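Let's take a walk through a protein fold together, one piece at a time.

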Amino acid sequence: MKFKKRIAFFTAIMMALLTVGCGSKSMSASEDSATMESVYGTDYSENEYCEEPAETADTGVTSGNGLEAQVENGRKLIRTVSLSLQTKEFDSVLNSLKTKTTELGGYVENSSISGNSYSYTTTRYASYTIRIPADKLNEFVDIVGELGNVTQENESVEDVTLQYVDVESHKKALETEQARLMELLSTAENMEDLLAIESKLSDIRYEIESYESQLRLLDNQIDYSTVHVEIFEVERMTDAGEKGFFEEIKERFGDNLYKVGHGFRNLIIGILGALPILIVCAAVIAVIVVIVKKSIKKITFKKQKKAKENDHEENFK
């Protein structure tokens with residue numbers, strides 16, 4: 001009698017482990033009654049090897065394998081927006097950007113500011129990656145658009161609904177098998193049985209934690225949209241609107257005239273800024289010229305004196 005009980009016990013364990021394998025392989029894993037009966041029902045003879053129909057095996061996640069029907073609370077969307085902004089008030093825009101981000105419940109994920117070099121000829125540039133609650137994204141984009149001149153705006157939307165439902169289904173299937181193994185654990189009669197069940201439970205818990213981690217990551221990306229903002233400090237704003245033929249000529253002429261004037265301005269500033277160096281260089285050159293002139297004069301004087309002495313000796317002879 002005891003032998004028969006042990007056989008029944010090991011048979012139950014094998015069926016539970018077999019069911020875990022089926023639940024892990026099935027990408028659809030929907031919780032409708034037909035699927036639950038075929039995977040978890042009492043008639044295991046028809047599913048002994050967890051065979052899948054040829055047309056659905058290893059097909060991955062598609063809208064036709066039952067996952068889409070489980071979506072009840074709307075789509076799971078990850079939204080990403082990229083903005084390029086021009087401004088003459090660089091510091092003020094940065095402060096406003098940070099303030100509005102905090103007010104809307106977001107946070108700055110990373111930031112970078114460059115420019116304002118030693119030569120004072122480069123303008124500043126800032127790059128921000130900001131996470132904003134998804135329901136506040138449109139409001140935030142409108143606010144950023146009012147801070148300066150938007151020269152570029154891009155938005156992308158990734159639908160992860162099927163991926164999300166698929167991960168949830170895997171997690172629920174594993175939790176069901178975990179509960180079954182816990183029941184078998186309470187009826188184990190020896191250490192060997194306990195170790196075998198606990199080993200499988202450990203593997204299942206690891207897989208559940210992995211799926212939970214994936215769900216947390218997806219939830220964060222869905223609940224908080226990502227906004228990439230580039231801010232350029234400029235002296236003249238770029239007009240992004242449509243222009244006629246003569247208006248474009250006028251704008252090009254004005255731009256080139258501005259560049260010429262700006263070039264002369266930089267040249268004058270460079271020369272005036274370099275005056276201390278130029279003065280030192282001029283003084284060094286002047287000293288060198290004086291020394292060279294004196295040396296040449298001294299050498300010439302010696303040559304003339306020697307020539308006179310030679311003439312005097314010849315006359316004496």
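In which sense do β1 and β4 pair, and over how many bridges? They pair in the antiparallel sense, and ten bridges hold the count. Keep in mind as you look around that this is a predicted model.

## The big picture

Let's start with the whole chain. The protein chain has eight helices and five strands. If you read along the sequence, they come in the pattern α-α-β-α-β-β-α-β-α-α-β-α-α.

Now for two numbers about the chain as a whole. Of its 317 residues, 24% are buried. And if you take the contacts between residues at least 6 apart in sequence, 80% of them join residues at least 24 apart.

## The sheet

The five strands make an open sheet with the order β2-β3-β5-β1-β4, and the pairing is mixed. At the edges you'll find β2 (107-114) and β4, each of which pairs on one side only. On average, neighbouring strands of this sheet are turned by 10° against each other, if you ignore direction.

Let's go through some of the pairs. Strand β1 (residues 77-87) runs parallel to strand β5 (residues 224-233), and eight bridges join the two. You can pick out bridge partners here: serine 84 goes with glutamate 230 in β5, and glutamine 86 goes with phenylalanine 232 in β5. Leucine 85, meanwhile, has valine 150 in β4 as its bridge partner. Then there is strand β3 (residues 125-133), which pairs with β5 in the antiparallel sense over nine bridges. For an example, find isoleucine 132, which stands opposite serine 225 in β5.

Is threonine 129 buried or exposed? This residue sits in strand β3, and its relative accessible area is 9%, under the 20% cut-off, so threonine 129 counts as buried. Leaving aside neighbours within four places in sequence, threonine 129 is in contact with Tyr107, Val108, Glu109, Asn110, Thr226, Val227 and His228.

Next, look at helix α3, which lies across β1, β2, β3 and β5 and runs at about 15° to β3. With a relative accessible area of 1%, threonine 101 is buried. Beyond its neighbours within four places in sequence, threonine 101 is in contact with Gly106, Tyr107, Val108, Ile130, Ile132 and Phe140.

Which residues of α4 are buried? They are Leu137, Phe140, Val141, Ile143 and Val144. These residues cover an arc of only 160° around the axis, so they end up on the same side of α4. Here's a handy bit of background: an α-helix has 3.6 residues a turn, so residues three or four places apart point the same way. The buried residues of α4 pack against β1, α3 (90-103), β3, β4 (149-159) and β5. On the face turned away from that buried side, you'll see the exposed residues Asp142 and Glu146.

Leucine 147 also belongs to helix α4 (residues 137-147). Leucine 147 and phenylalanine 90 are 57 residues apart in sequence, and C-alpha to C-alpha they are 9.9 Å apart in space.

## A pair of helices

Last stop: α5 and α6. Two packed helices are described by the angle between their axes and the distance between the axes. How do helix α5 (residues 161-186) and helix α6 (residues 191-223) cross? Their axes come within 9 Å and cross at roughly 155°. Angles over 145 degrees count as roughly antiparallel, so α5 and α6 are roughly antiparallel to each other. Their crossing is left-handed.

How values were computed:
Residues numbered from 1 in each chain as written. Predicted model: local features only at pLDDT ≥ 70, side-chain atom pairs only at ≥ 80, totals over all residues. Heavy atoms only, no water. Pairing = 2+ DSSP bridges. Helix = DSSP H or I, 4+ residues; strand = E, 2+ residues; numbered from the N terminus. Buried < 20%, exposed > 50% of the residue type's maximum accessible area, 1.4 Å probe, protein only. Arc of directions from axis to C-beta. Contact = heavy atoms within 4.5 Å. Axes fitted to C-alpha atoms, helices over the stretch in contact; angles between N-to-C directions. Parallel < 35°, antiparallel > 145°, perpendicular 65-115°, else oblique. Left-handed = near helix turned anticlockwise from the far one by under 90°.
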